[in-house]
Amino acid sequence: INMVQTLHDVLKRTGVDPATLSLEITETVFRRGRNEAVAALNGLKELGVSLIVDDFGTGYSSLDSFAESPFDALKIDRGFIRDMATNFRHRAIVRTIVQLATTLGMQTIAEGVEEPVQLEVLNQAGCRLIQGYLVARPMPLLRLLPFLEGWGSTSRPVPGELPETMQVPLDRRSAEARAGRESAFSRRRPRIPLRRAARAAPAGV
């Protein structure tokens, strides 16, 4: 099946504006061969649609393939989002994906965002687009329209403030630096010798 021709015919028949259509494509597209895949992607891009890499980071295609492809955005797999508030490795991966996408002129979309704290960590990493239950669960059209109308005032999710005990650095180096500062602070705290403390304790304790 010629995907490019098929999509061209569908757009022509339905009158849909290609600029309003985004196609999510997994990394497996490159398994058929890099040259063939890039040619097909360029053909789709010429139709005017947007191309998004779905579940980025879970496949095994080379980064060089992405550099040669006309993608508009990378969608970060939910596997990296789920525990990134407590997993510095996943935070580092998310930040690296955001930096890669920015360098290549692409946007990043985080999928599976369910908690305000995840949104806060994504904001710190520079990711500005999200998808998940934090935004909304699936809903019928009659509920979707009012939801979209109230997006700016009532529907838009708000990042959650990180508790003092959960200020999460984005990478291991920051985490180690923070641990070092906390260790130095604990060493500076005054300590009462055990013998003095025993003499100062009230009688009968």
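Author: Accessible areas here come from the Shrake-Rupley method with a 1.4 Å probe. Please note also that this is a predicted model.

Reader: What does the accessible surface of the protein come to?

Author: The total is about 13,700 Å², and carbon and sulfur atoms account for 53% of that surface.

Reader: And how many of the residues count as buried?

Author: The protein has 205 residues, of which 32% count as buried. Buried means under 20% relative accessible area.

Reader: Turning to the fold, how many helices and strands are there?

Author: The protein contains 10 helices and five strands.

Reader: In what order do the strands stand in the sheet?

Author: The order is β1-β2-β3-β4-β5, in an open sheet with parallel pairing. At the edges are β1 (22–26) and β5 (129–131); each has a single partner strand, so one side of each is left without a neighbour in the sheet.

Reader: By how many degrees are neighbouring strands turned against each other?

Author: On average by 25 degrees, direction ignored.

Reader: Which helix packs on the sheet, touching β1 and β2?

Author: That is helix α2, residues 34–46. Its direction makes about 135 degrees with that of β2 (50–56).

Reader: Let us move to β4. Is it largely enclosed or open, and why?

Author: Four of the five residues of β4 are buried, so this strand is largely enclosed by the rest of the structure.

Reader: How many bridges join β3 to β4?

Author: Four bridges connect β3 (residues 73–76) with β4 (residues 107–111), and the two strands run parallel. Among the pairs, L74 has T108 as its bridge partner, and I76 has A110.

Reader: Through which helix does the chain cross from β4 to β5?

Author: The chain passes through helix α6, residues 116–125, and this β-α-β crossover is right-handed.

Reader: Finally, what share of the contacts with a separation of 6 or more comes from residues 24 or more positions apart?

Author: Such residues account for 58% of those contacts in the protein.

Terms used
Residues numbered from 1 in each chain as written. Predicted model: local features only at pLDDT ≥ 70, side-chain atom pairs only at ≥ 80, totals over all residues. Heavy atoms only, no water. Pairing = 2+ DSSP bridges. Axes fitted to C-alpha atoms, helices over the stretch in contact; angles between N-to-C directions. Contact = heavy atoms within 4.5 Å. Buried < 20%, exposed > 50% of the residue type's maximum accessible area, 1.4 Å probe, protein only. Right-handed = clockwise from strand over helix to strand, strands pointing away.
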